[in-house]
Amino acid sequence: MTPAIRAEFRKFFTTRLWWGMAIAVVLSGAAFAVLFALVFTSDIARGPQGAAVPQTDADLAKAVFTGGIQVGYLLTLAIGVMTIGAEYRHQTITATFLAVPRRGRVMGAKVLSLLVIGAFYGVLSLAGAVGAGTLVLTAKGHQPFADSSIWRALALSLLILGLWALIGLGAGILIPNQVAALLISIAVAWIVEPVLGLVLALTDWGQNISPYLPSRATAAMLESTGGGFDGQPVEQLSWWAGALVLAAYAAVMAGLGTWRTVRRDIA
Amino acid sequence: MDPAGPEPTGRIEVRGLTKHFGSFTAVDHLDLDVEPGRITGFLGPNGAGKTTTLRMLLGLVRPTSGTATIDGRRYADIHNPLTVVGSALEATNFHPGRTGRNHLRVQAAASGVSDRRVDELLELVGIPAAARKRAGGYSMGMRQRLGLAAAMLGDPHVLILDEPANGLDPEGIRWLRGFLRHLADEGRTLLISSHMLSEVEQTVDDVVIIANGKRVAQGTVEELRGEPTAFVRTSDPDRLTAALQQRGLRVAPKAGGLQVTTEDLAVVGDVAHASDVAIHELRSEQTHLEELFFNLTETEGDRNRLSGAAHARAGVAPDLPPPMLPPPSGPPVDPSVVAAPPADAREAGR
Ligand SMILES: Nc1ncnc2c1ncn2[C@@H]1O[C@H](COP(=O)(O)OP(=O)(O)OP(=O)(O)O)[C@@H](O)[C@H]1O
Ligand SMILES: [Mg+2]
């Protein structure tokens, strides 16, 4: 198994994709931290109508530090799509399966390497976010590390990026065309699904479903309080339930992808 | 040679291999044997099913039925297969944004081969500097060389190459020929596909020809070439026949002239001159192999014609019923007598 994993890492770090993504992740992490820190500490947001804004220093720090993760997961989702999509598109999948004909083993190596790669980008995003966010929060007179739940949110951020990469892996296999796979998965994860979540939250029966959507589960893991259409905080799972739900999505997508890959003719 | 035994035999065995793509039969009950220490040419016109067969052999395409084994094992059952079987399928299987060297290093990591070996191989195939550039800009010849290096990575004793001469310049083909011969002399097994007979005829020892997924001939190049023949048209066939027979040559009437079993046109000319008959035409005929292959490519895409007339030569494909051979599209040929090849082709084939 180890040789297959080493090969996956080499594949990933020998094209330009990785550092382009790295720059995007660091910058978005820092930018969102600064933006959220300024907005959430502004007088308007902290006024009476700012109900969905984090109130305690701990919640504020979590929201600021993990603001970039909400974009970062779209990037690792894209990475997941592209690691497998590029293999089919450029037919390097042939070389991959020639070296390791046990396809389940290849998929296992891809899953493990993507979890690590997700965590790697998580570290980069948080480095940017914590660096920039701490500066702004401190300047505004807030405690950046008020309690230990912040550390949990940071650790879970790494997991979130890894799990979304696995969702991308599955999407990249189930949608054969790489470009279509990228567009569809990003559009769904970024726009369709969050909007669906908000719409569902408006109905009585939908309220019970929406916390289980991937983006809501992600927010739950970060304990970031999102607002609904009415600006009131929406109901969400506890952080661990959110983690389990997101992990379930990742497992189903990666599992379907593996099932498909093991059967498929490489012609 | 026990194929299931622990000792690697280097043999490739294909039995009853069949692949349907929907209702289309790409490979049809194919049997194939490839022996170590020899270069086997796997020939067939475009779309004959060569690549599909090789992909089944390499575990990439799942056969509808039948088996394909190397050293008596299915590819997927070979432990660390790159160290046993090296293969190059298409010359396009590289990520355009990754350097050739890094492509090999990925494969090296996957099969536990040292990175030093990667650089040695790049030297061997003659692209050490170019391999540090992104593969997107590679020429076809460079891709072929990189593919060959990838195939050699694990120092395998079986090599399977799909159209390796495609895109190589004459110098490159000469180099490839010498390289493959060297590998075969080391006792390795080489299976090389091509849709062009002329490309590999001088390189290979054994030939397997397929058309429409079925095997139409298998044998050594010598067997399949048959005896060289000359065609001669003359003013007095009876007199020339007698004179040639007196010189110990076999002669048979053919299409308004005579077919003489010899590769030496001068002898025919001299005999005619000595016996005072006029010659109207004198030429070497195609070998049986050339003719066979030519007919296959002519009838390509026309599956129905393939089940027509018999055109088998006794002893060439003894295990195949004659109807599998395509009908000749040229002048009719007496199956017991075969045409002569160009002399230079025969010499270079030794
Ligand atoms: N995945 C596939 N789905 C449907 N048909 C296929 C598939 N792969 C190959 N075929 C068909 O099977 C036949 C054999 O194809 P194959 O690539 O094996 O031929 P080939 O002998 O390698 O030809 P060439 O000399 O052009 O490389 C062709 O008619 C091809 O169109
Ligand atoms: Mg082919």
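**Entry 1. The model**

I am working from a predicted model.

**Entry 2. Chain A overall**

I looked up the secondary structure of chain A and found 11 helices and zero strands. Read from the N terminus, its elements run α-α-α-α-α-α-α-α-α-α-α.

**Entry 3. The six-stranded sheet of chain B**

I went on to the sheets of chain B. One of them is an open sheet of six strands in the order 5-6-7-3-8-9, with mixed pairing. Which strands stand at its edges? I found strand 5 (85–88) and strand 9 (214–220) there, each with a single partner strand, so one side of each has no neighbour in the sheet. From one strand to the next the twist averages 15°.

Within this sheet I looked at strand 3 (residues 39–43) and strand 8 (residues 206–211) of chain B, which run parallel and are joined by four bridges. I noted one bridge by residue: B:Thr40 has B:Asp206 in strand 8 as its partner.

Helix 10 (residues 288–298) of chain B lies across strand 3, strand 8 and strand 9. I read its angle to strand 8 of chain B as about 20°.

**Entry 4. The four-stranded sheet of chain B**

Another open sheet in chain B has four strands in the order 11-12-10-13, and its pairing is antiparallel. Strand 11 and strand 13 (279–284) of chain B are at the edges with a single partner strand each, so one side of each is left without a neighbour in the sheet. On average, neighbouring strands here are turned by 25° against each other, direction ignored.

I checked two of the pairings. Strand 10 (residues 230–234) and strand 12 (residues 257–260) of chain B run antiparallel and are joined by three bridges. In this pairing B:Val232 has B:Leu258 as its bridge partner. Strand 11 (residues 251–254) of chain B also runs antiparallel to strand 12, with four bridges joining them. Opposite B:Ala252 I found B:Gln259 of strand 12.

Strands 11 and 12 of chain B form a hairpin with two residues between the strands. In this hairpin B:Ala255 takes a positive phi near 40°.

Helix 8 (residues 237–246) of chain B lies across strand 10, strand 11 and strand 12, and it runs at about 10° to strand 12 of chain B. Helix 9 (residues 265–274) of chain B lies across strand 10, strand 12 and strand 13, running at about 160° to strand 13 of chain B.

How do helix 8 and helix 9 of chain B pack, and at what angle? Their axes are 10 Å apart and the angle is about 120°. Helix 8 and helix 9 of chain B are therefore oblique to each other. Their crossing is right-handed. I listed the residues in contact: B:Leu240, B:Ala243 and B:Leu244 from helix 8, and B:Val268, B:Val271 and B:Ala272 from helix 9. By class, this contact has six nonpolar, no polar and no charged residues.

**Entry 5. A helix contact between the chains**

Last, I looked at helix 5 (residues 92–99) of chain A and helix 2 (residues 100–111) of chain B. Their axes come within 9 Å and cross at roughly 25°. Angles under 35 degrees count as roughly parallel, and helix 5 of chain A and helix 2 of chain B are therefore roughly parallel to each other. Helix 5 of chain A passes helix 2 of chain B in a right-handed crossing.

Which residues meet here? From helix 5 of chain A I noted A:Ala95, A:Thr96 and A:Ala99, which meet B:His103, B:Gln107 and B:Ala110 in helix 2 of chain B. By class, this contact has three nonpolar, three polar and no charged residues.

How values were computed:
Residues are numbered from 1 along each chain as its sequence is written. Chains are lettered from A and ligands numbered from 1 in the order in which they are written. This is a predicted model: local features need pLDDT of at least 70, side-chain atom pairs count only at pLDDT 80 or more; totals for chains, interfaces and linings use all residues. Side-chain values use heavy atoms; hydrogens and water are left out. Axes are lines fitted to C-alpha atoms, for helices over the stretch in contact, and angles run from 0 to 180 degrees between N-to-C directions. Angles under 35 degrees count as roughly parallel, over 145 as roughly antiparallel, 65 to 115 as roughly perpendicular and the rest as oblique. A crossing is left-handed if the near helix is turned anticlockwise from the far one by less than a right angle, and right-handed if clockwise. Contact means heavy atoms within 4.5 Å. Ala, Val, Leu, Ile, Met, Phe, Trp, Tyr, Cys and Pro count as nonpolar, Asp, Glu, Lys and Arg as charged, and the others, Gly among them, as polar. Two strands pair if DSSP finds at least two bridges between them.
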